[in-house]
Protein chains: 2
Amino acid sequence: MEHVSLDHLYSSTSRKAQPSAIREICKLIDKPNMKSLAGGWPDPEVFPGTEIAGLISNLMDQNADLALQYGTTEGLLKLRRELCKLVDENYNIKCSTDQILITHGSAQGMDLICRVILDPDEAVVVGLPSYFGAFGTVKASRGQVIGVPVDHNGMNIANLKTTLDETAKQGTRVKAVYVIPNFQNPSGATLSMKRRKEIIKIADSNDLLIIEDDPYGDLRFEGKDLPPLISMDNSGRVIHLRSFSKTFSPGMRLGYVIGQEKIIRQMVVAKQFVDCATNTLSQYILLEFIQNGLLDKRIKSNIEYYKKKRDHMLAQLQKHFPSNVKWNKPSGGFFIFIHLPESMDASELLTDAVKHNVAFVAGQPFFADGSGKNTFRLSFSQASIDDIESAIEKLGLLIKEKLSK
Amino acid sequence: MEHVSLDHLYSSTSRKAQPSAIREICKLIDKPNMKSLAGGWPDPEVFPGTEIAGLISNLMDQNADLALQYGTTEGLLKLRRELCKLVDENYNIKCSTDQILITHGSAQGMDLICRVILDPDEAVVVGLPSYFGAFGTVKASRGQVIGVPVDHNGMNIANLKTTLDETAKQGTRVKAVYVIPNFQNPSGATLSMKRRKEIIKIADSNDLLIIEDDPYGDLRFEGKDLPPLISMDNSGRVIHLRSFSKTFSPGMRLGYVIGQEKIIRQMVVAKQFVDCATNTLSQYILLEFIQNGLLDKRIKSNIEYYKKKRDHMLAQLQKHFPSNVKWNKPSGGFFIFIHLPESMDASELLTDAVKHNVAFVAGQPFFADGSGKNTFRLSFSQASIDDIESAIEKLGLLIKEKLSK
């Protein structure tokens, strides 16, 4: 077939859309012997394959007619009931089943929120740095992304206030602040208690929503859990996103949204025309998984497993990276964020590293303002202990080489 | 929690969005003893539960690390390879793996197309009547829906030409024509060979895309398959949507899109920010299902199964409905479309019917211009043979009652 060009028929958003840096790198590095510290993918070693096989076998015996059929757009009612209990017990979040929507991953939750709240050119404030998948989602809804610096206690509050004042003066309507409160992607920073309270106050006084995206909160290696923003907010301005990709199975594409009933209802209507409903079979498997106490067990063993990997990566960094390279010590999650000396370019380092079968994600895509050239993100989640060791050693050598030039 | 109202923060599209008439009715009728001729849901009797249980057990033994992990946004490569073979053998569609995107149902395919091609107020032409889920998707992308009458041979070509001329004069840019070529939802009509050719010509001369949505094409009860529009189009203007909801399992939410490589690439980038990727486990199950010859077998037995139900419903209609009520005889699919006398209102009939535990979908939501008050859609897919009999008998009585008033 010789095809005519249809480029002129694309929408303006589609023409401007940049592919996801992570999704694209995952294709590049899909070759044998690659030691990938790039994607924030869980380690298949801890996938509950055996448990799931057992659950599905029962499910097909007893409930195939339901588990293979369309479900309601809101998500399986039994699963939403179970989640109401779970979020109360684990996070002190009080909600009804009508305040929960089950989604194809928390990415879909973010997309539905953007559809529900954003008119063209309205803005969402994000961290500098922050997860760039969220930027793409905002832009797909014709919104703007505005960055506010993040330090080791999360989003800088003074900066947030100034930014909101300035954007208001410029006539840009900010609709929401997007935060990843625990072990933020990519910085690893956890939003302090004080700042959680302040952001809630700012949302009230500026008539904003807070999008609280917490895919890593279950994976805390040390210290005490901080309460989610949604549990501290009395006005209903927080929309809380959770994911089962890090604690159950990313391939099942399951997440959920908690929010006030009316906004969840708006999101349900949006989802009706996006994909009708979430995968029923996967929801049933997850329901059984939770009811059999397997999720709690899995989370506990995952914490132990990933803590070891973090400690190992930190030790290797200490050993192999030169002293003018800086990084954080995250208390949980999957990521360590690296600051090279200002003069260095992490994307050049990546090009060299890939030639030596080592991959990571360069930091710049995480900065909505295009800064961060000298940063990069390492994930300790997926690579083996041995690969972490040799990859960090190789990266250390490459950095030293570049610095000596 | 007492929540503040956030209504003023909704986007204009979200404020205007009407819930899906089918998704909403499915919640209403979710009560025991309801004889539903409403949703186009497959009959769980033909779900391949046993086969799937067997496949999953092997899968978890051998491939849990892959089947539970994130996949690429494009979809599992092995599955796309299998689909290339399948569409060549079954529908004479020639394509490469880069021309296929696997989606969470064909609904998601439609959503991604709209995102890729529609700027605000640009239009998609649809049948009068046509599947209203597609209307909601167009509107969610800020597009307009314009209706063109459908008769027993599908979309009326003279009307299509006039409509395109008129909209062009009015300054509205039409970007695509949406057609369901086989056993259309809701009319049951199949687009004739002559009209298929004509629509392709019209797309070329008017610089349009054709969105060919074919969820029912595999379920032909009699007569010869007509070639899909995409197999007859040399310019690459057709985007072809298929679903596994009717032949495999709707709960697995699997569909795929075929189109020219560049537009598929635009859709992949859009999907990266919508839900990252399609459910991996479900894709592996489907792959095994196809490779084991189970899909072909299932389609054959489904045809036999649903043909009996259609014949039964047609016989009951003949027996119980008065002679001034008209309907079609579809050669496949799930639906029979009913025309009451002009004076009657199908939504009033629905209200009465639900009181007697019988449900269907009133026709008006299928008409983008708000007409069709005297029509309704019956689905013979999900109800049992006995329920079809008693439901049609009851509906016949209710219609006669109303006519005699």
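How many residues of domain 1 of chain A are in contact with residues of domain 2 of chain A?

Tutor: This is a predicted model, in which local features need pLDDT of at least 70 and side-chain atom pairs count only at pLDDT 80 or more, while totals for chains, interfaces and linings use all residues. Residues are numbered from 1 along each chain as its sequence is written, and chains are lettered from A and ligands numbered from 1 in the order in which they are written.

In chain A, domain 1 covers 7-46 + 296-404 and domain 2 covers 49-293; such bounds come from an automatic or database domain assignment. The centres of the two domains of chain A, taken over C-alpha atoms, are 24 Å apart.

To answer the question, 34 residues of domain 1 of chain A are in contact with 35 residues of domain 2 of chain A. Two residues are in contact if their C-beta atoms, placed from the backbone, lie within 7 Å.

On the domain 1 side, α12 (294-320) and β11 (335-339) of chain A each supply at least two residues. Helices (H or I, at least four residues) and strands (E, at least two) are DSSP runs, numbered from the N terminus. The largest share of that side, nine residues, belongs to α12(A).

By type, the domain 1 side holds 16 nonpolar, eleven polar and seven charged residues. Here Ala, Val, Leu, Ile, Met, Phe, Trp, Tyr, Cys and Pro count as nonpolar, Asp, Glu, Lys and Arg as charged, and the others, Gly among them, as polar.
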